[in-house]
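Thanks for making time for this one. I would like to walk through the model with you, going from the overall layout to the charged side chains.

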Amino acid sequence: MGLKKIFSKREETDTQKAEVQSNRTQNTGTQNADAQSASTLEEDIPKAAEWVVNALNGSGYKADYTLESMKEVDRFFDEQSGPDGILAKGNRGSILFSLGSYVGQTVIRLHGGRWITDDSDPQGEINIAVETAHGVTIWPVIRCMKRYRNGAEDSVYALVSLLEHKDFDAI
């Protein structure tokens, strides 16, 4: 199955923020946030991460929750951020939320930690954060938005590889 078909199923600008917020439910299968049975961000994050793992793996990328797979996320951005890439076509918000969820889940698997979410925050999908067992906090969806907007200078791999250092005062 081609990349466009997989992802079509599913600059930190106001447009991107709105896309992330309004499209989160498309990939995770959750209902509208206004509905009584709306899911929480903590429920949506692992679903979105698994969705993007399946989409990436089915499209020639290797997503396996390892540090090396962060290079694959960067490769995805390099290949899909241009005018003909899947991120220019639509569902960008959903994809960015899902990629950020995957990055965060990978960090938790590699370094321990927990998600910090706020379902009452109107920009909660963007502001989800991971606090590692070492007390370092990262914002993976914001990082993915920056990676899309700024390119390689905001590498996902570079961010996650920095977490390998145990002495953060030396960085």
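From the N terminus on, the order of elements in the chain reads α-α-α-α-α-β-α-β-β-α-α, which comes to 8 helices and 3 strands, where helices (H or I, at least four residues) and strands (E, at least two) are DSSP runs, numbered from the N terminus. Please keep in mind that this is a predicted model, in which local features need pLDDT of at least 70 and side-chain atom pairs count only at pLDDT 80 or more, while totals for chains, interfaces and linings use all residues. Residues are numbered from 1 along each chain as its sequence is written, and side-chain values use heavy atoms, with hydrogens and water left out.

Of the 171 residues of the chain, 49% count as buried, and by buried I mean under 20% relative accessible area, with exposed being over 50% and partly exposed in between (1.4 Å probe, protein chains only). The accessible surface of the chain is about 8,100 Å², and 46% of that belongs to carbon and sulfur atoms; the areas come from the Shrake-Rupley method with a 1.4 Å probe, and for residues only the protein chains shown count as cover.

H4, with 14 residues, reaches 21 Å from its first C-alpha to its last, close to the 20 Å expected, and its buried residues include Met70, Glu72, Asp74, Phe76 and Phe77. In the loop between H3 and helix H4 (67–80) sits lysine 62, which is exposed at a relative accessible area of 52%; the C-alpha atoms of lysine 62 and glutamate 72 are separated by 6.3 Å, although the two are 10 residues apart along the chain.

Now, how many salt bridges does the count come to? The count is 8, a salt bridge being a side-chain nitrogen of Lys or Arg within 4 Å of a carboxyl oxygen of Asp or Glu. One of them joins arginine 147 to aspartate 74, with the closest N and O atoms 2.9 Å apart; since arginine 147 lies in helix H7 (residues 140–150) and aspartate 74 in helix H4, the pair ties together parts that are 73 residues apart in sequence. Arginine 147 is buried, with a relative accessible area of 3%, and aspartate 74 is buried as well, at 8%.

Another salt bridge brings together the side chains of glutamate 131 and arginine 114 at 3.2 Å, N to O. Here glutamate 131 belongs to strand S2 (residues 129–132) and arginine 114 to strand S1 (residues 113–116), so the pair ties together parts 17 residues apart in sequence. Glutamate 131 is partly exposed, with a relative accessible area of 26%, and arginine 114 also counts as partly exposed, at 46%.

Finally, Glu72, Arg75 and Glu79 are linked in a network of salt bridges.

Notes: Expected span 1.5 Å × (residues − 1).
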